[in-house]
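Welcome! Please take a moment with the sequence and the model below, and then we can walk through them together.

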Amino acid sequence: MAFPRPRPARPELPRQRVQTLQCGQGAVRAARFNADGNYCLTCGSDKTLKLWNPHKGTALRTYQGHGYEVLDAAGSFDNSQICSGGADKSVALWDVTTGQVVRKYRGHAGKVNCVQFNQEATVIVSGSIDSTVRCWDCRSRRPDPIQVLDEAKDGISSVKLSAYEILTGSVDGRVRRYDLRTGQLCSDYIGSPITSVCFSKDGQCVLAASLDSTLRLLDKDTGELLGEYTGHRSTTYRLDCVLNEQDTHVGCASEDGHVYFWDLVEGSLALSLPVGQGVVQSLAFHPSLPCLLVATQGQVTLWREDTFQPE
């Protein structure tokens, strides 16, 4: 006879602070895990990018080459390259080991808010305050983008990629999803300026944060509203939203110095994490562990679940 499967362990949320990185980069504009979650990148208002091992609290390298604040960065799947975008309107491709800029892409008419690699790290997708999303070929020497998506009526605040889709959030209050296989565009109107978007891990849903202090979970294919989450404060700044590693909870940064997590299904507030004074600038959730990166002012803190024992 078949035994019933053991119940999956209850998902744990990060509640204890295990590391604090004093970044020394001015205000930290974004903190991002790499593909496997072993390292992270921090983007500074002092024009630098830094690579860290956040679990040990060690700085590994500083990347200098932007002419103004660095606003977002992402690592490639094999950790060999980094892309970054900044207020100098440029997108930079970096070699991780040498620390040099391999290529710089100029074409945006305003600051670049968000950058992402595709899965093979052959294309960089960047979103800008100039209302366009541009796709840059990392392998060719062409200075111009291979594609420009200019459907948005206002600045692009957030870009995410799946295997065959580009998801964008815009200040015009719309979440747009470009299906690259069929060449179709799906657009969902939220109404309030979007600050951040992300896919759920199972690829079925889209999470969007907006300036009416509300998180919304949408069915990716139909656009149906599956859940609304409120309790945090988001009225002025571009704040990140995340899903935890098991898709059981949604989280959002807040302007009151907290990070909030809600139960995805029930919509109830599961955790209010006091992380610092002032606005929580950036959030990143580890790809496979209950582990959270939080940027406030000039520092980044790493949070783990209560049962975690630091070495």
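In the hairpin made by β2 and β3, six residues lie between the strands, and G37 there takes a positive phi near 85 degrees. The model you are looking at is predicted, so to speak of local features a pLDDT of at least 70 is needed, and side-chain atom pairs count only at pLDDT 80 or more, while totals for chains, interfaces and linings use all residues. Residues are numbered from 1 along each chain as its sequence is written, and side-chain values use heavy atoms, with hydrogens and water left out.

Strands here are DSSP runs of E with at least two residues, numbered from the N terminus, and two strands pair if DSSP finds at least two bridges between them. Strand β2 (residues 28-33) and strand β3 (residues 40-44) run antiparallel and are joined by five bridges. One place to look is A31, which stands opposite T42 in β3. Five of the six residues of β2 are buried, so the strand is largely enclosed by the rest of the structure. Buried means under 20% relative accessible area, while exposed means over 50% and partly exposed lies in between (1.4 Å probe, protein chains only).

Now move along to the largest nonpolar core, which has 16 residues. Such a core is a set of buried Ala, Val, Leu, Ile, Met, Phe, Trp, Tyr and Cys residues joined through side-chain atoms within 4.5 Å. Those with the most contacts inside it are V259, F261, L283, L292 and V294. Two or more residues each come from β24 (258-263), β25 (269-274), β26 (280-285) and β27 (291-296), and β26 gives the most, with three residues.

What does F261 touch, leaving aside its neighbours within four places in sequence? Its contacts (heavy atoms within 4.5 Å) include L13, V242, L271, F285 and L292. Apart from this core lies another, of 14 residues, among them C205, A209, C241 and C252.

Next come the aromatic rings. Rings of Phe, Tyr and Trp (its six-membered ring) pair if their centres lie within 6.5 Å; planes under 30 degrees apart count as stacked, over 60 as edge-to-face and the rest as tilted. By this rule there are five aromatic pairs. Y63 and W94 form an edge-to-face pair, 5.6 Å centre to centre with 70 degrees between the planes. This pair links distant parts of the chain, with Y63 in strand β5 (residues 58-64) and W94 in strand β8 (residues 90-95), 31 residues apart. Both Y63 and W94 are buried.

The rings of Y260 and W262 have centres 6.1 Å apart and planes at 25 degrees, so this pair is stacked. Y260 counts as buried at 9% relative accessibility, and W262 does too at 0%. Together with Y229, Y260 and W262 form one aromatic cluster.

Charges can also sit over rings: NZ of Lys or CZ of Arg must be within 6 Å of the ring centre and within 35 degrees of the ring normal. R181 lies over the face of Y164, at 3.4 Å from the ring centre, and R304 lies over the face of F308, at 4.0 Å.

Finally, how many disulfides does a search of the whole structure find? The count is zero, where a disulfide is a pair of cysteine sulfur atoms within 2.5 Å. The sulfur of C40 has its closest cysteine sulfur in C23, 7.5 Å away, which is too far for a bond. C40 is buried, at 1% relative accessibility. C135 is in no disulfide either, as the nearest cysteine sulfur, that of C138, is 11 Å away. C135 is buried too, with a relative accessible area of 5%.

Key:
Helices (H or I, at least four residues) and strands (E, at least two) are DSSP runs, numbered from the N terminus.
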